[in-house]
Amino acid sequence: MTPRQPGYTGAMEHFTIATVAEQNPDFRRVLWTGKHTQLVIMTIPPGGEIGEEVHEVDQILTFVSGVGQAVVSGQTRKIAPGDLVVVPAGRKHNFTNEGPNPLVLYTVYGPPEHADQAIHKTKEEADRLEEQGQDEPPQG
């Protein structure tokens, strides 16, 4: 028997993802962490941003509500509900909320990028925990 992965119960995990994401008041919330991937929901307030960053992992973001702007490797696009953006590992990127309502999304990292079951109420909290090394993904 293989060791249990963080967030994995051995049974099928099911989320009504758009509803779960829409109801999320937090900047970032890790819903599920597996051995190779991680599911995270995010809510970016009006005028807010994820913040320019570069990951060593691949990231796929799907936008549920709100409008914004995606910048990946210097390329800019408007984003709206139903849009999906792929950010390959090593690419500088940022997503900003350009509308009057929250920009709501879910994202899949491969491999995991954040601590299992992490909840960051604000971007400031998320940044602080990352800087302190308290948002590290599980080591497989």
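So, Val108: you'll find Val108 in strand 8, residues 103-110, where strands are DSSP runs of E, at least two residues, numbered from the N terminus. Keep in mind that this is a predicted model, where local features need pLDDT of at least 70, side-chain atom pairs count only at pLDDT 80 or more, and totals for chains, interfaces and linings use all residues. Residues are numbered from 1 along each chain as its sequence is written, and side-chain values use heavy atoms, with hydrogens and water left out.

Now over to Thr62, which sits in strand 3, residues 58-65. Thr62 is buried, with a relative accessible area of 13%. Which residues does Thr62 touch, leaving out those up to four places away in sequence? Asp83, Leu84, Val104, Leu105 and Tyr106, with contact meaning heavy atoms within 4.5 Å.

Three strands make it up, in the order 5-4-7, with antiparallel pairing; two strands pair if DSSP finds at least two bridges between them. Strand 5 (75-79) and strand 7 (93-97) are at the edges with a single partner strand each, so one side of each has no neighbour in the sheet. As for strand 4, residues 68-72, it pairs with strand 7 in the antiparallel sense over five bridges. If you want one to look at, Gln69 has Thr96 in strand 7 as its bridge partner.

Conventions: Helices (H or I, at least four residues) and strands (E, at least two) are DSSP runs, numbered from the N terminus. Buried means under 20% relative accessible area, exposed over 50%, partly exposed in between (1.4 Å probe, protein chains only).
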